[in-house]
Amino acid sequence: MIEIYLIGSVIIGTLLFFNRGKALNYTLIWLFIALQCAFTIYACMNYNQTESTYFTFDSLGIIMLLTATIISIPAVIHSHIYIEESEEKTPRSRATYFGALVILITAVSSAYLANHIAVVWIFTEITTLSASALIYHHRNKLALEGTWKYIFICAISITFVFIGILFLSLAFAKVSSDDLSYKNLLAHSALLNLSWLRLAFLFIFTGFTAKLGLFPMFTAGVDAKDKAPGPAAALLSSIVMCMGFVGIFRFYVVVANTSLLHWASLVIGIAAFISLFIAAVYMIKVKNIKRMMAYSSVEHMGLVMLGIAAGGIGYYAAILHIVLHSFVKSSLFFQYNQLYRVFKNKNIYQLGNYFKYNTTGALVVLLAFISVTAMPPSGMFVSEFLIFRSLFDSNQLILLLVVLLLLTLIIWAFAKNIFKILFIPAVNFDESTVPALSPWRSVSQFILIGGAAYLGLNPPLIFVDLIKTSIMLLPH
Amino acid sequence: MLQVLLIIFLISLFYLSIANRMTTYVNVLALQGVLLFFVAFLELKSINTLNLILILLETIIFKSLAVPIFLKYVLKRNHITREAEPYVPNFVSLIITTVIVVTTILLSNTMEESYLDKMYFVVALSTLFTGLYFIASRRKIITHVMGYLVIENGVFVLSLAVGNEMPMLVNLGIMLDIFASVLILGIFLNKIGDVFKDIDVNQLTNLKDY
């Protein structure tokens with residue numbers, strides 16, 4: 001089935017690139033969504049099976065694949081609306097956009113399921129190329145700048161991951177096998193050469209941070225999300241980040257089973273804490289709403305990785321948190337397009353009184369804000385609370401206090417700007433040009449936010465089991 | 001013979017660090033491609049023939065012909081001849097490159113490793129850091145791309161060192177190469193040169209936070 005999925009997606013993607021007909025484009029993109037859904041259902045039914053040697057439908061892969069499929073449906077709907085409303089639409093830009101979208105979703109989904117570090121690497125490479133086509137959609141100078149920065153930093157990160165894989169192969173030299181699949185690595189973890197493994201972990205971790213949006217490579221993602229069209233930015237801040245997480249997590253499982261566990265956690269912890277700090281500093285200063293949302297993603301990835309670094313219940317909380325974050329943050333980015341339609345601007349000074357112009361949309365912003373800042377009725381409250389508990393359990397009280405302080409700053413900065421957008425009228429804003437937006441456009445966001453709350457507060461047993469199985473191989 | 005080739009490769013880095021003309025950069029990149037061709041030919045003995053041919057073809061076609069020719073075309077079309085105003089003088093660049101090489105040699109001596117030829121390790125790591133240094137110290141976008149290509153050559157050297165045991169990794173290195181070529185082609189055929197007339201990174205500062 002995975003071959004059918006890959007070949008089918010590549011064919012659909014290529015057809016999209018070369019067919020500029022409108023009706024055909026939309027038929028093809030929905031055909032792809034049907035394929036994606038069918039593949040997801042197939043993967044769930046073949047739980048724990050390995051296909052084509054390199055793909056395993058394991059628990060972590062299934063969780064992420066389900067998340068990706070759920071988010072890609074509204075992403076396509078909103079892309080459709082976005083492209084149709086865009087002033088500079090040409091058949092060519094539409095075809096490129098949807099072609100790149102198909103390739104991006106396919107590459108990300110395959111990277112979740114890959115059981116071999118080199119295969120994950122190949123798909124990461126493909127996501128960089130397809131994501132850059134999406135970021136360059138507007139073809140103006142600023143978009144070019146964003147694309148260039150994204151491509152360049154991602155290219156260097158990918159090279160870093162490759163160097164990491166080379167070092168890993170050196171660490172593996174004692175074992176008389178050349179199979180770098182995670183399963184084989186885990187089976188031989190006692191034989192790995194620790195000094196090479198250390199280098200390998202450093203390089204692979206640094207490389208994947210470009211996709212995960214963590215210090216040190218987070219800048220690429222922020223610029224990219226700023227310049228990419230809203231629906232594409234939603235994908236970049238949800239499913240692509242999950243891919244970075246999967247890349248790091250799977251290798252971390254291998255490292256955690258050697259004596260380097262403590263060291264690796266320390267590395268992750270330091271990077272996570274610096275990310276939180278950077279997010280706090282920029283969120284206070286930033287005046288561009290889209291960049292603010294992007295920095296909020298950096299903050300959440302910092303929290304996720306703190307959970308991983310703390311261990312214990314933190315592992316569970318980290319996976320829960322990244323899934324919930326994907327739902328909530330993508331809905332915020334989907335809503336952003338309507339916000340932009342109303343105000344034609346993304347500077348916070350030019351936005352205001354959104355409740356008056358688009359009540360349902362403003363409700364989405366409010367609910368998403370409550371979720372993103374992890375206030376009690378939202379699902380992310382649970383996962384964040386568990387992350388704090390894991391820090392408490394591992395006796396990191398000072399770290400916990402500083403993190404809480406930084407989060408307070410972030411909530412303050414976020415709330416200040418969001419409430420300005422929702423309630424305070426903007427100066428010199430011309431109301432006559434505000435288009436009437438259908439409330440139906442916000443439905444997908446309500447579903448995503450509601451889903452996140454449901455998963456957080458009352459997780460179905462099967463979901464809990466899946467997360468528990470994914471962290472089973474980690475030491476407790 | 002292998003050692004000689006690798007040393008020439010290392011020397012080409014020093015030459016790059018004092019080069020002024022853009023065509024010199026391109027020529028050195030092409031030379032590195034040829035050197036890698038011979039290194040791959042001499043080193044990869046226990047790899048199957050078809051794979052070896054693929055790797056050799058890739059080094060000669062991509063690394064030493066296609067990419068340099070395309071870069072020259074870009075240079076010509078955009079009338080770039082010199083690396084205008086590098087952030088640091090060439091002499092300092094030379095010293096920094098030397099420091100990088102000496103440090104990697106010292107580093108490699110501290111490692112006890114019987115599986116890896118230290119020569120490869122030194123060449124690969126110093127190429128990697130020199131490439132990063134080029135990116136940090138030059139202004140033009142095209143020089144950044146060349147810095148990236150230098151890094152990639154370094155990575156390729158490292159992948160050759162483990163190539164006999166794991167030929168798959170060399171093929172991955174080739175994928176990285178193709179990826180980079182697509183990247184360069186994509187960016188420059190999308191008329192980046194028309195948007196940025198001088199292609200200077202100082203113009204890439206409009207995306208900021210406040």
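**Loop α8–α9, chain A.** I looked up A:P216 and found it in the loop between α8 and α9 of chain A. Helices here are DSSP runs of H or I with at least four residues, strands are runs of E with at least two, and both are numbered from the N terminus. A cis peptide bond joins A:F215 and A:P216, with omega about 5°. I note the background: most peptide bonds are trans, and most residues other than glycine have a negative phi.

**Ground rules.** The model is predicted, so I keep in mind that local features need pLDDT of at least 70, side-chain atom pairs count only at pLDDT 80 or more, and totals for chains, interfaces and linings use all residues. Residues are numbered from 1 along each chain as its sequence is written, while chains are lettered from A and ligands numbered from 1 in the order in which they are written.

**Positive phi.** I checked two residues. A:S52 is not a glycine, yet its phi is positive, about 50°. I placed A:S52 in the loop between β1 (50-51) and β2 (55-56) of chain A. For burial I count other C-beta atoms within 10 Å of the residue's own, with C-beta placed from the backbone: 20 or more is buried, 12 or fewer is exposed, and in between is partly exposed. A:S52 has 10 C-beta neighbours inside 10 Å, so A:S52 counts as exposed. A:N395 is the other entry, with phi near 60°. A:N395 lies in the loop between α17 (379-393) and α18 of chain A. A:N395 is exposed too, because 10 other C-beta atoms lie within 10 Å.

**A:I70.** This residue lies in helix α3 of chain A. Is A:I70 buried or exposed? It has 21 C-beta neighbours inside 10 Å, so A:I70 counts as buried. I also took the pair A:I70 and A:Q36: 34 residues apart in sequence, 9.9 Å apart in space, C-alpha to C-alpha.

**α3 against α14, chain A.** I fitted axes as lines to C-alpha atoms, for helices over the stretch in contact, with angles from 0 to 180 degrees between N-to-C directions. The axes of α3(A) and α14 (residues 313-343) come within 11 Å and cross at roughly 5°. Under 35 degrees counts as roughly parallel, over 145 as roughly antiparallel, 65 to 115 as roughly perpendicular, and the rest as oblique. α3(A) and α14(A) are therefore roughly parallel. Contact means C-beta atoms, placed from the backbone, within 7 Å. Among the residues that meet are A:I63, A:H78 and A:E85 of α3(A), and A:I319, A:F334 and A:R341 of α14(A). I sorted the contact residues into seven nonpolar, five polar and two charged. For that sorting, Ala, Val, Leu, Ile, Met, Phe, Trp, Tyr, Cys and Pro are nonpolar; Asp, Glu, Lys and Arg are charged; the others, Gly among them, are polar.

**α16 against α18, chain A.** Helices α16 (residues 359-372) and α18 (residues 397-423) pack at about 170°, axes 10 Å apart. They are therefore roughly antiparallel. A:A362, A:V365, A:L366 and A:F369 in α16(A) meet A:F414, A:I418, A:I421 and A:L422 in α18(A). I count eight nonpolar residues in this contact, no polar and no charged.

**Domains of chain A.** The assignment, automatic or from a database, gives domain 1 (1-258) and domain 2 (260-476). Their C-alpha centres lie 21 Å apart. The contact takes 45 residues from domain 1 and 42 residues from domain 2. On the domain 1 side, α3(A) gives the largest share, twelve residues. That side divides into 30 nonpolar, eleven polar and four charged.

**Core.** A nonpolar core is a set of buried Ala, Val, Leu, Ile, Met, Phe, Trp, Tyr and Cys residues joined through C-beta atoms within 7 Å. The largest one has 241 residues, and A:F162 and A:M283 are among those with the most contacts inside it. Helix α6 (residues 141-171) of chain A supplies its largest share, 21 residues.

**Chain A to chain B.** I find 34 residues of chain A in contact with 30 residues of chain B. On the chain A side, α6(A) gives the largest share, 19 residues. That side has 20 nonpolar, four polar and ten charged residues. What does A:F162 touch, leaving out residues up to four places away in sequence? It touches A:W121, B:V155, B:L172 and B:L176.

**Chain B.** I logged eight helices and zero strands. Buried residues make up 41% of the 210 residues.

Conventions
Two residues are in contact if their C-beta atoms, placed from the backbone, lie within 7 Å.
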